[in-house]
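Work through the exercises below with the model open. Try each task before reading its solution.

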Amino acid sequence: MQLQSIIHYVPNNQLAIEYPGAQVAIIGTGSHKPIIHALCLLHVHQYVTPILYTECPESEVNNLINVCLKRNLTTIIVGNARFAPGDESFSAAVVAPSANVKTQEPYKSILEFPQLDIFSAIAFQTYHTASDDISWLDEHLYEALRLGAFREHQALAEPLFRESHHIFFDLNALRASDAPETKMPSPNGLYAEEMCQLAAFAGRSPKLQTFRLFGYIPTLSPQTLTAQTAAQVLWHLLEGIAVRNQKNVLQTTGPHVKRIIVDMGENGQAIEFVNDTITGFWWLQIPLTNGARRVVACLSDDYHCACRQEIPVRWVRYFQKFNSGQNI
């Protein structure tokens, strides 16, 4: 079965009408059609529920996103559109070729919102990034994952997506050999398979509200390499959505949810972990000075680090961030 059998075009003025079983809506902004065409030709496996698809000018995207969120639809935006979150606290992750946060989009438009909580720059290339920007991210206790570090251990990206409500994928982060029709083609960057893996991680995030794919230069043919690469990125995103766990495991009990406290020694801070043995996901409990706790996604590596009587870097970062009120 091809995806075209479950993708249903809906005029944007009818997007608020109920469509039984729909979990995802795709919004295209003009340059997207070759990508959607290529996506329709791919064969579906895990994701089998209806996908709503609509088109609109960039100026109308945020109104449609609000409609989708009210319907509890994960929204995929293919093309450029101004980012405008709601009034509530949010977290975001960006996959882009650089992490020049002060001068380049989409970083600038994300970081200007005071309600930003957790932020991650993923798979950026150091030679495209000013050293001051890397230092700035570190000073603000945001996550910065270099392309080389991701390539050595791809799982490092997974908990960063699991914390994110809004995820941005810039096709310029790909090598030109995998995506030649982009605004800034480069000989180096992510391999197509690596970006697809990142998209699968993003789809599995139970917090995901919007996913934005941009940076594509439109052509008339759906057979262009970049359109096919972008379509396969979306395919992996949808497959991730199909298998994600929508339940809040942190508020459930059962044999598959294990809460583990690691004693860090006589003068150390006991660190509490939560592990869902079904999904394999791990979380850290971060104590707050007011007596409450925050929970952040982590890896089993963080648990094993604590078992060696070493305080995980992730625990230190978020302990400092949450207890100092550090923010933009």
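This is a predicted model: local features need pLDDT of at least 70, side-chain atom pairs count only at pLDDT 80 or more; totals for chains, interfaces and linings use all residues.

**Exercise 1. Helix 7 and helix 8**

Task: Describe how helix 7 and helix 8 pack, and list the residues of the contact.

Solution: 
- Step 1. Recall what to report: two packed helices are described by the angle between their axes and the distance between the axes.
- Step 2. Take both values. Helix 7 spans residues 192-203 and helix 8 spans residues 225-243. Their axes come within 7 Å and cross at roughly 30°.
- Step 3. Classify the angle. Angles under 35 degrees count as roughly parallel, so helix 7 is roughly parallel to helix 8.
- Step 4. Assign the hand. The crossing of helix 7 and helix 8 is right-handed.
- Step 5. List the contact. Helix 7 brings Ala 192, Met 195, Cys 196, Ala 199, Ala 200, Ala 202 and Gly 203. Helix 8 brings Thr 229, Gln 232, Val 233, His 236, Leu 237, Gly 240 and Ile 241.
- Step 6. The contact of helix 7 with helix 8 holds 9 nonpolar, 5 polar and no charged residues.

**Exercise 2. Helix 1 and its surroundings**

Task: Find which residues of helix 1 are buried, and what they pack against.

Solution: 
- Step 1. Check the cover. Helix 1 runs over residues 33-40 and is mostly covered, with 6 of its 8 residues buried.
- Step 2. Name the buried residues. In helix 1 they are Pro 34, Ile 35, Ile 36, Ala 38, Leu 39 and Cys 40.
- Step 3. Find the partners. The buried residues of helix 1 pack against strand 1 (7-9), strand 2 (24-28), strand 3 (51-55), strand 4 (74-78) and helix 8.
- Step 4. Turn to the helix partner. Helix 1 and helix 8 pack at about 60°, and their axes are 8 Å apart. The two helices are therefore oblique to each other.
- Step 5. Helix 1 passes helix 8 in a right-handed crossing.
- Step 6. Read off the contact. From helix 1 come Pro 34, Ile 35, Ala 38 and Leu 39. They meet Ala 227, Gln 228, Ala 230, Ala 231, Leu 234 and Trp 235 of helix 8.
- Step 7. Sort the residues. This contact of helix 1 with helix 8 divides into 9 nonpolar, 1 polar and no charged.

**Exercise 3. A pair of phenylalanines**

Task: Characterise the aromatic pair of Phe 90 and Phe 113.

Solution: 
- Step 1. The structure holds 16 aromatic pairs.
- Step 2. Take the geometry. The rings of Phe 90 and Phe 113 are 6.4 Å apart, centre to centre, with 75° between the planes.
- Step 3. Classify the pair. Planes over 60 degrees apart count as edge-to-face, and the pair of Phe 90 and Phe 113 is edge-to-face.
- Step 4. Phe 90 is in strand 5 (residues 90-95). Phe 113 is in the loop between helix 3 (107-111) and strand 6 (116-124). The pair links distant parts of the chain, 23 residues apart.
- Step 5. Check burial. Phe 90 has 3% relative accessibility and counts as buried. Phe 113 is buried too, at 17%.
- Step 6. Widen the view. Ring pairs link Phe 83, Phe 90, Phe 113 and Phe 168 into a cluster.

**Exercise 4. Backbone details**

Task: Which bond joins Glu 105 and Pro 106, and what is phi at Ala 123 and Leu 141?

Solution: 
- Step 1. Glu 105 and Pro 106 are joined by a cis peptide bond, with omega about 5°. Pro 106 lies in the loop between strand 5 and helix 3.
- Step 2. Ala 123, in strand 6, has a positive phi near 65°. Ala 123 is buried at 0%.
- Step 3. Leu 141 has a positive phi of about 60°. Leu 141 sits in the loop between helix 4 (131-139) and strand 7 (143-146), and is buried at 13%.

How values were computed. Residues are numbered from 1 along each chain as its sequence is written. Side-chain values use heavy atoms; hydrogens and water are left out. Axes are lines fitted to C-alpha atoms, for helices over the stretch in contact, and angles run from 0 to 180 degrees between N-to-C directions. Helices (H or I, at least four residues) and strands (E, at least two) are DSSP runs, numbered from the N terminus. Angles under 35 degrees count as roughly parallel, over 145 as roughly antiparallel, 65 to 115 as roughly perpendicular and the rest as oblique. A crossing is left-handed if the near helix is turned anticlockwise from the far one by less than a right angle, and right-handed if clockwise. Contact means heavy atoms within 4.5 Å. Ala, Val, Leu, Ile, Met, Phe, Trp, Tyr, Cys and Pro count as nonpolar, Asp, Glu, Lys and Arg as charged, and the others, Gly among them, as polar. Rings of Phe, Tyr and Trp (its six-membered ring) pair if their centres lie within 6.5 Å; planes under 30 degrees apart count as stacked, over 60 as edge-to-face and the rest as tilted. Buried means under 20% relative accessible area, exposed over 50%, partly exposed in between (1.4 Å probe, protein chains only).
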